[in-house]
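Subject: Structure handover

Hi,

Here is the structure I promised to pass on. Have a look at it first, then read my notes below.

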Amino acid sequence: MSVKYDVVVAGAGNAALCAAISARETGLSVLVLEKAPKHKRGGNSYFTDGAIRFAYNGIDDIRKIIPEMTDEEAAKINMPSYHVDDYYNDLMRVNNNKSDPSLARQLVSRSFETITWMHSHGISFELNYKNQSFEGDGKFHFWGGLPVKTHNIGMGLIKSLNKRAEELGIDIWYEARALDIKKENDRITAIEVEKGGQIVSIPVHSVILACGGFEANKEMRAKHIGPEWEAAIVRGTEYNTGDGLQIALKAGAARHGDWSGCHSIGTDYNAPKVGDFSKPGDIFKKHSYPLGLLINRDGERFVDEGADFRNYTYAKYGREILKQPGAMAFQVYDQQVRPLLREEYDLEEATAFQADSVEELADMIDVNKEAFLKTIAEYNNAVQDGSFHPNEKDGKGTRGIHPPKSNWALKLDQAPYYAFPVTCGITFSFGGLLASIDAEVLTADATPINGLFAAGEMIGGLFYDNYPGGSGLMSGAVFGKLAGKSASRYVKTIKTEETTL
Ligand SMILES: Cc1cc2nc3c(=O)[nH]c(=O)nc-3n(C[C@H](O)[C@H](O)[C@H](O)COP(=O)(O)OP(=O)(O)OC[C@H]3O[C@@H](n4cnc5c(N)ncnc54)[C@H](O)[C@@H]3O)c2cc1C
């Protein structure tokens, strides 16, 4: 059999390109298939803010991946360590202890070596001063275990990964949709690809699936997550329609993880129905709700806006919004907190209402006015004394209302008032494949499927209910790198066998 490529990687997001680079650096020939046209390449990874979560030991570790940082800059930074166990505990906490312990341990313990590996391949990182630090005592204090983002956010990441792939001689086909894998004698022999209206069969030893989840597939969303999910906005690429999952399941893979769950957020009500590649960057999110109130069209609150830092609640509150009448809600703020809102509230893309009284505000938006005013009045009466500290869980909460607001509860009583309509945007589906800690795709009895590997959103079992921000990119990188190495080991073994036959 003439094999043109050792490995074919399906997908061209972060996980796929990390897998391709990892396989290629061991000397294998690699082809990447991207379903999207070139100007829409890069999957959900392209749309990210580039926030990437890894374990580190203080500023010295951070400087290993941001070597440009001067001693002067470093001296002005307070960077508490974020150990492997901190990461592991955060992951387990936000996933309600459901995360597969072996995959979770692999993700966190490989995170630092993987980010330094990415850096060695030309990916640049920078500190996320704006969203992850606050100033005090002449220093920037970083918090939350997420101090770093990729240079020029997701766009920069995808550009740099593609540059590296090109330097290493990795071929990339655009508008090439992986359809199926072919096997003989229990070994992968080819991958079928739809390209230019034709079905092409590419001979190959090993396939790495990194095609994302099924978040952009309405039917799959409705079937697996729930009928109301048809209405969700797709925050990222329109191309993640579950193809890779279908290919693997057909090849005998087992499902793993939370097939009825997904990551979702509150996003601008007027955001495009699928991610717009001409307006990348995470510009439609609305993440400052811990500082205000979330009120539905019936005029009711429905979550504890201040339950935790937004890093730990934003993912699950999206789905709460979808359950509200009209699949929407309003974030409501007053002048006290308006200057503290994140930068996305000032973008021209933000849908915003402003009024001099809460009554006028209610008249401007589609809400039950009487209930809206009653909710605000009851909330104001329930706010307890205490000091307001937006950068720490200040315990300034409410008493006697349900749901409570547990932190950052300031009375909403200073004009002007603001309302931002939000709906639910799905980020990615959690359901994936059963995979080993080395990214091998497994059958239901945990047997590896020869030559088949997976990475990124396609691996199930890591995220349930929620996820700690920045772990999507890290998971793609960690398991992408591992998938490349595992594919390399596999291909080398079978090539040796073939030459000794
Ligand atoms: C708006 C937004 C902001 C986000 N911000 C962050 C953040 O700051 N930090 C973070 O960690 N995570 C973030 N995430 C989540 C993150 O994007 C994902 O967890 C991660 O990028 C997934 O990477 P991936 O490589 O698995 O998938 P993707 O990057 O989605 O790549 C999948 C690739 O597969 C291709 N594809 C699909 N089907 C086929 C097929 N049949 N054949 C060939 N190719 C195919 C797609 O075109 C795409 O190139 C964000 C997501 C969104 C949508």
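You'll find Lys223 in helix 10, residues 218–225 (helices are DSSP runs of H or I with at least four residues, strands are runs of E with at least two, both numbered from the N terminus).

Before the rest, some housekeeping. This is a predicted model, where local features need pLDDT of at least 70 and side-chain atom pairs count only at pLDDT 80 or more, while totals for chains, interfaces and linings use all residues. Residues are numbered from 1 along each chain as its sequence is written, and side-chain values use heavy atoms, with hydrogens and water left out.

Now the inside. The largest nonpolar core has 138 residues, and Ile62, Ile191 and Leu452 touch the most other members (such a core is a set of buried Ala, Val, Leu, Ile, Met, Phe, Trp, Tyr and Cys residues joined through side-chain atoms within 4.5 Å). Helix 15 (residues 471–500) gives this core its largest share, 11 residues. At least three residues come from each of domain 1 (5–214 + 430–500) and domain 2 (264–426), with the bounds taken from an automatic or database domain assignment. A second, separate core holds 21 residues, among them Met328, Phe330, Ala382 and Ala409.

Leaving out residues up to four places away in sequence, its contacts include Ile181, Ile188, Val207 and Leu209 (contact means heavy atoms within 4.5 Å). Thr375, in helix 14 (residues 369–382), is buried with a relative accessible area of 10%.

On to charges. Side chains of opposite charge can pair when their charged atoms come close. The count here is 32 salt bridges (a side-chain nitrogen of Lys or Arg within 4 Å of a carboxyl oxygen of Asp or Glu). One of them joins Lys285 and Asp49, at 2.1 Å from N to O. That pair links distant parts of the chain, 236 residues apart: Lys285 is in the loop between strand 14 (262–268) and strand 15 (293–296), Asp49 in the loop between helix 2 (43–47) and helix 3 (58–65). Lys285 is buried at 5% relative accessible area, whereas Asp49 is partly exposed at 23%.

Glu344 and Arg342 also form a salt bridge, with 3.1 Å between the closest N and O atoms, and both residues are buried. There is a network of salt bridges too, linking Arg53, Asp90, Arg93, Asp308 and Lys393.

Last, the ligand. It is surrounded by 38 residues, the closest being Glu34, Asn44, Ser45, Ala51 and Asn240 (the cut-off is a heavy atom within 4 Å).

- Ala51: a backbone N or O atom lies 2.7 Å from a ligand nitrogen.
- Tyr467: a side-chain N or O atom is 3.2 Å from a ligand nitrogen.
- Gly43: a polar backbone atom is 3.4 Å from a ligand oxygen.

Over to you!

Note on methods
Buried means under 20% relative accessible area, exposed over 50%, partly exposed in between (1.4 Å probe, protein chains only). A polar contact is a pair of N or O atoms within 3.5 Å; within protein, one must be able to donate a hydrogen and the other to accept it, and residues adjacent in sequence count only if both atoms are side-chain atoms.
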